[in-house]
Each structure stands twice: as structure tokens, then as C-alpha cells.
Amino acid sequence: MAAQFVRYTPDVEDDDPHFDRNVQTVIEKTEKYIAESVEAGGTGRALRDAHAKGYGLVRGEVEILNGLPPEYAQGIYATPGTHDALIRFSNGSPHAGADARLGAATGLALKIFDIPGPTLLEDEPDTGTFDYANINAPIFFCNTVEHYLFIQELFLNAPAYFSQGRPGAHRFFTEFVTGKGTLDQDNWAWDEFLAFLRLSKTPPTNLLLSSYWTMGAVRHGDHIAKVRITPDPSFAAAVVRRAIDPASAQEVFRPALQAELQERPYAFDIQVQLCTDLERMPVEDTTVEWPEQLSPSVTVAKLRLPQQDISGPQNLEKMDSLSFTPWRVTAEHAPLGNIMRARKEVYRHSSIARHKLNQQPRREPRSADEVLGA
């Protein structure tokens, strides 16, 4: 029997009466961290409040496939064709420094060029760009903006906790579960904490061998989806530097990525998993992994990375000047759920503050060549 895909309607999202107030608090804390990171971050520059360390800016090409089933040929995927793209690989931590200190949570941010139609960012509707900001896990450790308030604070101060050994780690875990003492015991953040533990145990691997998810749900035209960018098996099999040991050197992720791309091209599949059951595939609970047996991920596009040289500090400088946000998309691909909705203004204010402090122009490029050269 064919799967029955859930139709998108606005009521799939919950209404949080304190949403605007809590988001404003998150923005204020984020801007404060970014301002202080110029001195405290160790790089002399303002850092992102997440994914502070980038591993490389990579040229790519997205081919939207022809002949997709109608449920998948939605929004930008309804029009087959090829688009230039840029990819930023990064570490998920809000801190910079040696890879061994930052963990193995990594991100793939994708910018696709020449996409028609206005974006959902009111201050830059006509950029012609379309972004994904994905992480290497199918779940996330935060479901509400109220919880994000204390989780953000814990993550920004994580080095101070863990530098104290086991007592500091125990205090970090306790304050995570209890919301730093603000949550009733019946509402302790156990689901979020267990999701965080699962993410923290992600083994380090070559950035080209990870899969990267949208974290939360997004619209897929008439439907609801999560989007995964996953290695093409035939290209993944050719990767030489598979084992990554963060204890072996200060920098391990970038050198492996750089060496592989200097030697051979690579490819990912862009896949869409459509929701068939809002109870088992929820929109507002990002700690729940959507089961593949309910709805398998279907490839809708290919992301191809040509053989290229990303070495040199200029690559990192060009990468640092760019902004990626899950809200730089057309309305047919709007992020869904309160955590995804919070990212809209938090990311925008973060980008504005960082570019201002670093004296970088903040504007969207019109092509990959504009950033990397022809």
C-alpha cells in the first residue's frame, strides 16, 4: 500500500505565547557572546555563536534530478537543472581551537545559486540564493526556546565546566537536566539530555563521510519533510583518509578534507524524507528520529564537488565572510517548529553583529565565482 504523506497545514506547528520574549533574550545573549568573543575567542575576531570554526569553503554543483515522483518534485525540486553552489564545512561548537577540544559534531552548510523567487528573509528577499544549514545527526537536543535559553548558556560556558574535571562535568549535566534549577522535576529536560549524550558520542570521521540533516522539519511544498545530505556510496568508497584521530594533531578535520579534494572529486545525494505520521514523525520534537521504515529518504538532487584546492588562509577568510541560514529559502521550503522558527532572527542578528565587529561587508554573493574567483 502506497504511503500517505501528511499534507502541510499551518496548525502542524505549536503556538508558544512566550516565543517573542524568549527569542529576544536569546538574541541579546548571542550578541553579547559574539562581542566578547573578539577578546575571549582566541582568534582576535568575532566568532559565530555556533559553528565557530570552519574547515573549508568548497565549490560545488547541485543537479536537481528529472523525473521525480510528484510528491518529491516540489518547490525548487519541481524544476530539473544544474546550479552552482558553495559548501561550508564546520565544527558545531561555539568555540575555536584544537579539534580535540571541540568534539565531532560537524556541519555542512550549502548555498545554492540562481534560485528564482523571494526568500523568507524580509531584509534580503531577492538574493537568488537558497541555503541549508545541516548537522551530522538526525536529532537535536533542544525543543523549545525556553529550553534553548539555558542550553545556550551552558554550551557557551562549557569549557569552564569541563576544565574542572568530573565535578564540573557533573554540574554541567545536572544543570542541563534541571534547566539550571528552573524546571519542575516532572518537566526536567531528559529527552533533550539523552539526545545531547547521543550526539556527544558521535565518532570523529572524515567530513566527506558524514550525513547531514536539517535538524528540524521543513515544508516540502504540499508536504512536510526532513532533508539529508548523504555521501554517494561510490564516491565514499574512494575516500582514503577515513579514520580521524583528534588526539593526533591540533588540526585533523581540515587537512583530511583538503587532501581528499586535491586528489579526486566527490559527490553527495540530497535526499528528502516525507512525513507520514505526525505522532511518530513529530514537527515540534527534534529529539525524535524519524523512522526510515515509515518513509525512506529519496534522492532529489546530486551535490557534486569537483577536484579542487582549498588550502591557504584566503579560503578560510572567504568562508568566514559568508552567512548561512535555514531561512534563506523560498516559502515552499519554510522551516517548521518553534526551534527552527527561533533560528530566523537569532541567525540574522548573529550575522549582523559578527560582520560589523569584523568590519566585513554583509551581502549575499550572486555566484560561486564572485567568492572564489572564476
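Q: Is Leu261 buried or exposed, going by its relative accessibility?
A: The model is predicted, and every value here is computed from it. Leu261 has 0% relative accessibility, and because buried means under 20%, Leu261 counts as buried. The residue sits in helix α8, which covers residues 253-263.

Q: Which residues is Leu261 in contact with, once its neighbours within four places in sequence are left aside?
A: They are Val58, Tyr266, Leu305, Gln307, Gln308 and Ile310. Take Leu305 as one of them: Leu261 and Leu305 are 44 residues apart in sequence, while their C-alpha atoms are 8.0 Å apart in space.

Q: What span should helix α1 have, and how far apart are its end C-alpha atoms?
A: Helix α1 runs over residues 19-40, which is 22 residues; at 1.5 Å a residue it should span 32 Å, and its end C-alpha atoms are 30 Å apart, so the two agree.

Q: Which residues of α1 are buried?
A: Phe19, Asn22, Val23, Val26, Ile27, Thr30, Tyr33, Ile34 and Ser37 are buried. The elements that cover them include α3 (145-156) and α10 (338-357).

Q: Which residue just after α1 takes a positive phi?
A: Gly42 does, with a phi of about 90°.

Q: Where is Gln359 found, and what is its phi?
A: Gln359 is in the loop between α10 and α11 (368-372). Its phi is positive, about 55°, and Gln359 is not a glycine either. The relative accessible area of Gln359 is 73%, so this residue is exposed.

Q: What describes a pair of aromatic rings?
A: The distance of the centres and the angle of the planes describe such a pair. In this model the count comes to 24 aromatic pairs. Take Phe141 and Phe196: their ring centres are 6.2 Å apart and their planes stand at 90°, so the pair is edge-to-face.

Q: Which parts does the pair of Phe141 and Phe196 tie together?
A: Phe141 belongs to the loop between β4 (130-135) and α3, and Phe196 to helix α6 (residues 190-200), so the pair ties together parts that are 55 residues apart in sequence. Phe141 counts as buried at 12% relative accessibility, and Phe196 counts as buried at 11%.

Q: Which type of pair do Phe155 and Phe172 form?
A: A tilted one, with 6.2 Å from centre to centre and 55° between the planes. Phe155 is in helix α3 and Phe172 in helix α5 (residues 165-178), so this pair ties together parts that are 17 residues apart in sequence. Phe155 is partly exposed, with a relative accessible area of 21%, whereas Phe172, at 1% relative accessibility, counts as buried.

Q: Which residues do ring pairs link into a cluster?
A: The cluster consists of Phe140, Phe141, Phe155, Tyr161, Phe162, Phe172, Phe173, Phe176, Trp188, Trp190, Phe193 and Phe196.

Q: What shows where empty space is left?
A: Rolling a probe the size of a water molecule over the atoms does. Here the structure holds one cavity of 30 Å³ or more, and the largest cavity has about 70 Å³ of space.

Q: Which residues line the largest cavity?
A: The lining is made up of Asp131, Tyr132, Ala133, Asn134, Thr214, Val218, Pro326, Val329, His333, Pro335 and Met340. Strand β4 provides the largest share, four residues. By type, the lining has seven nonpolar residues, three polar and one charged.

Q: How many residues line the second largest pocket, and which lie nearest its centre?
A: There are 20 lining residues, with Thr43, Ala52, Gly54, Leu316 and Asp320 nearest the centre. The volume of this second largest pocket is about 440 Å³. Helix α9 (residues 313-320) gives the most to its lining, five residues. The lining divides into seven nonpolar, four polar and nine charged residues.

Definitions and conventions
Residues are numbered from 1 along each chain as its sequence is written. This is a predicted model: local features need pLDDT of at least 70, side-chain atom pairs count only at pLDDT 80 or more; totals for chains, interfaces and linings use all residues. Side-chain values use heavy atoms; hydrogens and water are left out. On a 1 Å grid over the protein atoms alone, a cavity is a set of points where a 1.4 Å probe fits but cannot get out, and a pocket is an open set with protein on both sides within 12 Å along at least five of seven lines; lining residues have an atom within 4 Å of a point. Grid points are joined across faces, edges and corners, and a volume is the space filled by probe spheres set on the points. Helices (H or I, at least four residues) and strands (E, at least two) are DSSP runs, numbered from the N terminus. Ala, Val, Leu, Ile, Met, Phe, Trp, Tyr, Cys and Pro count as nonpolar, Asp, Glu, Lys and Arg as charged, and the others, Gly among them, as polar. The expected span of a helix is 1.5 Å times one less than its number of residues. Buried means under 20% relative accessible area, exposed over 50%, partly exposed in between (1.4 Å probe, protein chains only). Contact means heavy atoms within 4.5 Å. Rings of Phe, Tyr and Trp (its six-membered ring) pair if their centres lie within 6.5 Å; planes under 30 degrees apart count as stacked, over 60 as edge-to-face and the rest as tilted.
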